[in-house]
Amino acid sequence: MMVSTKGRYALRIMAYLAEHMDEGPVSLKDIAEKEGIGIKYLEIIVSSLNKGGLLDSVRGKNGGYRLNRKPEEYTIATILHYSEGSLAPVACVQTQDSCENSHCCKTYTLWKGLDDLIDEYLNSKTLADIL
């Protein structure tokens, strides 16, 4: 498993929004400038987070994006899920039925165990933890 720039940037964006929660909605332009992320790439990432229900968007002159919960209510796993998709280390553990040989595969339990450890760790950490 390798977290791409999309996932790493999503965490940085969410941390930035958490740090500026009391200031109201934050514009994409502000995030792009402060975090050094291209505006087009930022739009793609924020769109996934917004569609996932992690953010609220506010239209208008003073519009932008803001968190819709407290930082401690966002797990790192959730943020990465909406930005990356699956975090499975191998394809055969992505979904319950993704491997027809899982019942007889000698390495399946190894990969499944690793996947469980990754999930457990990322679900145990919140946005508040990285602040």
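Gly38, with a relative accessible area of 43%, is partly exposed in this predicted model, and the loop that holds Gly38 is the one between H2 and H3. Although Gly38 and Ile13 stand 25 residues apart along the chain, their C-alpha atoms are separated by 12 Å.

On the H2 side the contact is made by Leu28, Lys29, Ile31 and Ala32, and on the H3 side by Ile39, Leu42, Glu43 and Val46. By residue class, the contact of H2 with H3 divides into six nonpolar residues, two charged and no polar ones.

The ring centres of Tyr9 and Tyr41 are 5.7 Å apart and the ring planes stand at 70°, so the pair is edge-to-face. Because Tyr9 lies in helix H1 and Tyr41 in helix H3, the pair ties together parts that are 32 residues apart in sequence. Tyr41 counts as partly exposed, at 28% relative accessibility.

The largest nonpolar core has 32 residues, and within it Met14 and Ile79 touch the most other members. Two or more residues of this core are given by each of helix H1 (5–19), helix H2 (28–35), helix H3 (39–51), strand E2 (64–67), helix H4 (76–84) and helix H5 (108–124), and the largest share, nine residues, comes from H1. When neighbours within four places in sequence are left aside, Met14 is in contact with Leu49, Leu54, Leu55, Leu67, Tyr74, Ile79 and Leu127. Apart from this core lies another, of five residues, among them Cys92, Val93, Cys99 and Tyr108.

Thr126 is placed in the loop between H5 and helix H6 (127–130). Which residues does Thr126 touch, not counting those up to four places away in sequence? They are Pro71, Glu72, Tyr74, Thr75 and Ile76. Since residues under 20% relative accessible area are classed as buried, Thr126, at 14% relative accessibility, counts as buried.

| Residue | Relative accessibility | Class |
|---|---|---|
| Gly38 | Gly38: 43% | Gly38: partly exposed |
| Tyr41 | Tyr41: 28% | Tyr41: partly exposed |
| Thr126 | Thr126: 14% | Thr126: buried |

Key
Residues are numbered from 1 along each chain as its sequence is written. This is a predicted model: local features need pLDDT of at least 70, side-chain atom pairs count only at pLDDT 80 or more; totals for chains, interfaces and linings use all residues. Side-chain values use heavy atoms; hydrogens and water are left out. A nonpolar core is a set of buried Ala, Val, Leu, Ile, Met, Phe, Trp, Tyr and Cys residues joined through side-chain atoms within 4.5 Å. Buried means under 20% relative accessible area, exposed over 50%, partly exposed in between (1.4 Å probe, protein chains only). Helices (H or I, at least four residues) and strands (E, at least two) are DSSP runs, numbered from the N terminus. Contact means heavy atoms within 4.5 Å. Ala, Val, Leu, Ile, Met, Phe, Trp, Tyr, Cys and Pro count as nonpolar, Asp, Glu, Lys and Arg as charged, and the others, Gly among them, as polar. Rings of Phe, Tyr and Trp (its six-membered ring) pair if their centres lie within 6.5 Å; planes under 30 degrees apart count as stacked, over 60 as edge-to-face and the rest as tilted.
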